[in-house]
Amino acid sequence: MLPWVYEFQWNAFHITFLLIFFTVAVVVATTVVRAIVRSNRRLAREGHARVSWHSAFEELPASTRVCRHQMSGEVRQRTCVNEFACADCPEHQRYLASGQSPSSSRPLSFTPAVTVSGIQLPTDRYYDRGHTWARIEPDGTFSVGVDELGRRLLGPVESVELPPIGTKVATHAPAIRITTKHGLAMLRSPIDGEVTYACAEGDRWKMKVKMDPQSSVAHLLRGPEIGPWLTRELERLQMTLSDQKVGFSLADGGVPVESMPDAAPKKDWEAVWGEMFLEA
Amino acid sequence: MDSQWIPRGLQRTSFPRFLAWILPWAGLLAWGLFGAALCLIEGLNQTNMDNRFAFGLWIYLDLTIIAFGAGAFFTGFLLYLLRREALRPVINSAVVLGLICYSGAIIVLMVDVGQPLRAWFTFWHPNTHSMLTEVTFCLTCYLTVLLIEYVPVLLKNRQFRRIPKMLVFEFELHKLMPILAGVGAFLSFFHQGSLGGLYGVMQGRPFAFREAIGIWPTTFFLFILSAMAAGPSFLIVTTRLVESLTKKRLVDDRALRTLGRISGFMLAGYLALKAIDTLVWINATSPGAGFPAYEYYERASFGTWILFLEIGVFGVLPALLLLSRHTREHRGWLLTAAGLVLSGIALNRFVLTIQTLALPTLTFDPFLSYVPSWQEVATFTAVVAYGVLLYSLSYRYLPLFPQERELAQS
């Protein structure tokens, strides 16, 4: 039923069939080509960081996407649909406007650290949900590090790969590669900005980032939010480490050991890190 | 051993156990491929079909799995175009099942048609008078669409996502899914219908011949509606089957109940039209062709029981079960009803394919019987094995059910 085919006739039925067939073929081909062109453009324009986070966030279970305002008790139940981008979240702005939200507090260096099940998190810094933190320094830059729970999750570090000085890092984009004898972990950057200092020697490392002027730390947890979040994270860790068919099975009352991978070397630690560090 | 390829946060059985599961299926596939190869090399003399009984097990299988595979286009249409978000938890599985059903059907069709080196003839030298031409074009286009729809599911694999180009391509392609869902729905509408129309236009077979609405016989519309009823039910049955095999909850009840309700509505609509169609056929179409309808059911193998079984037990009963909220919300009843729907659609395709050809149309014709050869059965088995293997691999290495992590933790 094509023009070169025996018995093809230039009548309405045959022409309609041809038009439909070629329209479908063109639409399908255009769709694929469009996807290829758009993905190449996006990669050239902004890299894959945002897509990586979008993709990872989409797959997070609702229990991991719990809104910070639920954790602080301001709302009974709310799941984040905004990729933890609180600065763009109208609900978050509403809570801030009330003036009572713990999210509006600032880090204070003189308050004691929050301690939950033996894990101590200082309150002088902002925390990302992927267990990195950002602390403002006197020179206006932010120091970036991994929190205590993250440190115990990783265990002894063999090497650290930091982005070179001058590199632009994006919030929630994979920024720090940590290698241990149990595998490779990727930590996400807590803020947008440019790396101004990066030094890694063996298992010790330090990184500073000059935050973009148009960016903010609105999405990072702070002060009174840290305790409830850490409690939830320890529960999440329990679920991650336990057999899915069994559910919660660890005895209550203990504290996480210094190096969890060394205590359970047969575990798939890359999977555990992926879960806890919100890796893609 | 393959833990780096398994989706993060999901637990799968050990690799040796997985191998033990897939090896028997791989064996069946190999046996089936041998049977299919014999048919392709030696010809259709390897089958028990002949010039009179030209459709057999393969065409029956084709019609049935294409109806079951309708879940892919229908779910995509409901989710991406009508925004039925409740169906998102099953969309990946629906795409994989659709791909299996359609690719399996086309493989079998290629063996049935034979002469694979001349496969391109069907596109280059199509028979402009054949409904199969429309079917061939539509099936090929839709299989292409399904393959493209499968790409984002495939690229969700843990290792592929580490490659930036693949990650971003998956993201961009996924955003264009509504377009593909629309094209898929359009194509499916026509090829499902044309497969039914194929029987309805057979004037020499009054058991199947039907009156036309416009240029399409009524079987055109009945096939579309019945496939739309079967697709969601097939998703319910396969999801429950995978859940029972893996001993896990993969999808929340809401998604399956929604599928059940949709299947129930479609089935009810289909039954209403089929009842009218059957009455017209009994009272006008068939007598008009010189064949009182009761004569078809005087053969011992195909009594009226088959009609009542199809419409009553496999039609009205599951429709009532699926339309009643009370029974639909009961897991056992939902699964039973979905199973009955599938049985009804499979029986309908059997009746149209086998019963149609078995019944004599001339006074000197005998009642024909047909038993498939082992090569036909082997090819049939190969398609089933291929489906199980592709689904098993997809389930193991791809996040087919987005709610799985959530449900495992609840």
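What is the mean pLDDT of chain B, and what share of its residues reach 70 or more?

View 1. The mean pLDDT (the predictor's confidence in each residue, from 0 to 100) of chain B is 91, and 99% of its residues reach 70 or more. Among the elements of chain B, helix H14 (residues 374–397) has the highest mean pLDDT, 96, whereas H15(B) has the lowest, 81. The model scores ipTM 0.86 and pTM 0.88. In this predicted model, local features need pLDDT of at least 70 and side-chain atom pairs count only at pLDDT 80 or more, while totals for chains, interfaces and linings use all residues. Residues are numbered from 1 along each chain as its sequence is written, and chains are lettered from A and ligands numbered from 1 in the order in which they are written.

**View 2. The side of chain B that touches chain A.** Here 33 residues of chain B are in contact (C-beta atoms, placed from the backbone, within 7 Å) with 34 residues of chain A. The elements giving two or more residues to this side are helices H6 (131–154), H7 (164–175), H8 (177–200) and H15 (404–409) of chain B, and H7(B) gives the most, with eight residues.

**View 3. Helix H1 of chain A.** H1(A) is followed by Gly47(A), whose phi is positive, near 75 degrees.

Technical notes:
Two residues are in contact if their C-beta atoms, placed from the backbone, lie within 7 Å. Helices (H or I, at least four residues) and strands (E, at least two) are DSSP runs, numbered from the N terminus. The expected span of a helix is 1.5 Å times one less than its number of residues.
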